Amino acid sequence: MALLEIRNLSVDFATHSGQFRAVDGVDVTVDEGDLLAIVGESGSGKSVSMLALMGLLPWTATVTADKLEFDGQDLRTISARARRRIVGKDISMIFQEPMSSLNPAFTIGWQIKESLRKHTDMTRSQRQDRAVELMRQVGIPAPEKRLQAYPHQLSGGMSQRAMIAMALANKPKLLIADEPTTALDVTIQAQILELLTGLQQETGMALVLITHDMGVVAETVQRVQVQYAGQRVELQEVGGLFQNPHHPYTAALLAALPERATEKRLPTIPGVVPGQFDRPAGCLFSPRCSFADARCIAQRPSPAGPELGRALCHYPLIDGQPTGKESAA
Amino acid sequence: MSEAILTAKNLKRHYEVKGGFLKPDATVRALDGASFTLTPGKTLAVVGESGSGKSTLARVVTMIEPPTEGDLIIGGRKIGPEGASGDRDLRAMVQIVFQDPYGSLNPRQTIGQTLMEPLLLNRPEVSAAERETRARDMLAMVGLRPEHFERYPHMFSGGQRQRVAVARALMLEPKILVLDEPVSALDLSIQSQVLNLLMDLQERMDLAYLFISHDLSVVRHIADEVLVLYLGQPVEIGPKQAIFEAPRHPYTKALLSATPVADPALRKERIKLEGELPSPMNKPQGCSFNPRCWRRQDVCTKVEPELQGQGHCFACHNPIPLDETEAA
Ligand SMILES: Nc1ncnc2c1ncn2[C@@H]1O[C@H](COP(=O)(O)OP(=O)(O)OP(=O)(O)O)[C@@H](O)[C@H]1O
Ligand SMILES: Nc1ncnc2c1ncn2[C@@H]1O[C@H](COP(=O)(O)OP(=O)(O)OP(=O)(O)O)[C@@H](O)[C@H]1O
Ligand code: SF4
Ligand code: SF4
Ligand SMILES: [Mg+2]
Ligand SMILES: [Mg+2]
């Protein structure tokens, strides 16, 4: 049984210009000890889908799903109280905006220890020791002193690490890390990623890593889920994804990596992600896809099989070539 | 090889900060002795950890702030600690593009107004009609459409806004463009559009670039030369090839080895650095990198190493031997 199972998750926001679909039928499956990355264009619903799982979206959001199960419990129907016991303990999240999730009115130490108090039966001195240990693990020098600091007294990188410490405090079974290292230098980033994958190996913690850094993806995770305009367009094991992407968006994304460039001019993806008013009727990537044809424009594709990375495409790519097109060429 | 358009010699920028309760006043040595040249048509990339002084360097080169010490010679003219405030033409020669494509444009101005503003302020002699013509030409130059002229920034994507920021920086026909993390906030697919644009414009207008980035794969693609800053000081500078393939300074090597590579088949050995960037208010004795360096010797804690070499220079008492510097 999977640790986390999400089926057909959709999120709509009520905006003054009407309903806006930010997440459009996404599936996510995470097993115990899994390392999954979610990548995709800015605005593709990566953060919103995970916030929906955590129950942290504003009231303007309508969340629907056929299944939303964690550790055998149906998150759609459990009581708010039961949910609070899970969220923050067994599932925890590192947020994209570090400052927004630290409370400016309390010291870092108080916030970590408060979370330990709520979710464990540690004594006061055990909580203090655990807090120091956590701060040290995330590479914060002079941790005893830093525990007494207020969030505004720490640099961006330091508060991001304090957040990571807080997220790890209760030894979660599932950690969702939303761009956890963007404010950090590569030297510190390497240390944090090693810490997270180390925890996965030692404790079996599962990690969902949201990032736009394909280098981090390549070096950290086992599986990759690619999202575009609120939909999952591909799901593959990491080696296969980089070597043989099956969805045209994934292929275009990887081609844009400077380290893959064969000449000075880099390949680009023309156009922009569809917005609220120009969502295409057919495939959402069709306005920007170099393989699009009349069928793509008219008809929504359904996902291919696992051997083709579940590519949401009428003509999944194999070695860069579309398959299944009538031999009209 | 054409002549340098900008020469920096031992450039420094220090900040005096007031101490608070029980804290003495202190000097932040944000930029502490950088020397380099910029050449038309070429790109010097600046890399280094957060707080290493990259943006400070950008502000000094753009003459937003005067150097505390050292020489800055732009187009044959020298800018000392007194700054260049009065000299419009000199200031027009160097323009800057910032990281944030959202914050750097005025939301109340149309793209057209944004582009015409530098001319209005710096070239009042240019007629209104001519201003508009030049702004429209520039819009086309950066690959935007004529109808974008009347639109407001919120109607644009991140990449389009960054194009506008580049267009605005080019309105005064500068010779030097300082780019402070110009693509860091952009999606990969948009990043390549902006990088292509920058490379095209450089070729067409023979621009010299000072390109600040923490993304080494971008630097590797776009740079001719690379300057590695550590605590406000250059620790290594040289042709891109040399820096990436045969780094001699331990910090450069550590930086390269910590950078993740977008290839799952290639899992590499990392050099682990201990500790973190010390404060520029209170630098270690001797080599500033010594508390974190695995090649440290006695001399390193006493004597500050000087930048030495020809073409490829590094400041280290115990540099990595050439035969150990395999491709990173
Ligand atoms: N509270 C909200 N009200 C209305 N729309 C929202 C709200 N929060 C997010 N959105 C929209 O939902 C879409 C998905 O946003 P989300 O933050 O999940 O993107 P993302 O994939 O995480 O992007 P990024 O890589 O930039 O973090 C975006 O178009 C965003 O503008
Ligand atoms: N006006 C100022 N007054 C005091 N200290 C300053 C000032 N401006 C910058 N500093 C300090 O100088 C150092 C260098 O800052 P700078 O912004 O140049 O770093 P950077 O390399 O651009 O970092 P990042 O990668 O985070 O942008 C930092 O320690 C910073 O706190
Ligand atoms: S369905 Fe058509 S338009 Fe969509 S990604 Fe596949 S080939 Fe491209
Ligand atoms: S001078 Fe010494 S401490 Fe500094 S980088 Fe070189 S070997 Fe390391
Ligand atoms: Mg996000
Ligand atoms: Mg900066």
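Select Glu181(B), which is found in the loop between strand S7 (176-180) and helix H6 (188-205) of chain B. Helices (H or I, at least four residues) and strands (E, at least two) are DSSP runs, numbered from the N terminus. Before going on: this is a predicted model, where local features need pLDDT of at least 70, side-chain atom pairs count only at pLDDT 80 or more, and totals for chains, interfaces and linings use all residues. Residues are numbered from 1 along each chain as its sequence is written, chains are lettered from A and ligands numbered from 1 in the order in which they are written, and side-chain values use heavy atoms, with hydrogens and water left out.

Most residues other than glycine have a negative phi. Glu181(B), not a glycine, has a positive phi of about 55 degrees. Buried or exposed, then, is Glu181(B)? It's buried, at 10% relative accessible area (buried is under 20%, exposed over 50%, partly exposed in between; 1.4 Å probe, protein chains only).

Now hop to Asp206(B), in the loop between H6 and strand S8 (208-212) of chain B. Its phi is also positive, near 55 degrees, and Asp206(B) is partly exposed at 45%.

**Stop two: a hairpin**

Pick residues 69-74 of chain B, strand S4, which runs antiparallel to strand S1 (residues 6-17) of chain B with five bridges joining them. Strands pair here if DSSP finds at least two bridges between them. Look for Lys12(B), whose bridge partner in S4(B) is Glu69(B).

On to strand S5 (residues 77-79) of chain B: S4(B) pairs with it in the antiparallel sense over three bridges, with Ile74(B) opposite Arg77(B). Two residues separate S4(B) and S5(B) in this hairpin, and Gly75(B) in the turn has a positive phi of about 55 degrees.

**Stop three: the magnesium ion**

Switch to ligand 5, a magnesium ion coordinated by Ser47(A) (OG) and Gln96(A) (OE1) at 2.0 to 2.3 Å. Donors are N, O and S atoms within 2.8 Å of the metal (3.2 Å for Na, K and Ca); water is not among the atoms, so sites may look incomplete. Ser47(A) lies in helix H1 (residues 46-54) and Gln96(A) in the loop between strand S7 (91-94) and helix H3 (98-101) of chain A, so the pair ties together parts 49 residues apart in sequence. Gln96(A) is partly exposed, at 37% relative accessibility.

**Last stop: ligand 4**

Show the residues around ligand 4 (a heavy atom within 4 Å); among them are His249(B), Cys287(B), Arg295(B) and His317(B).
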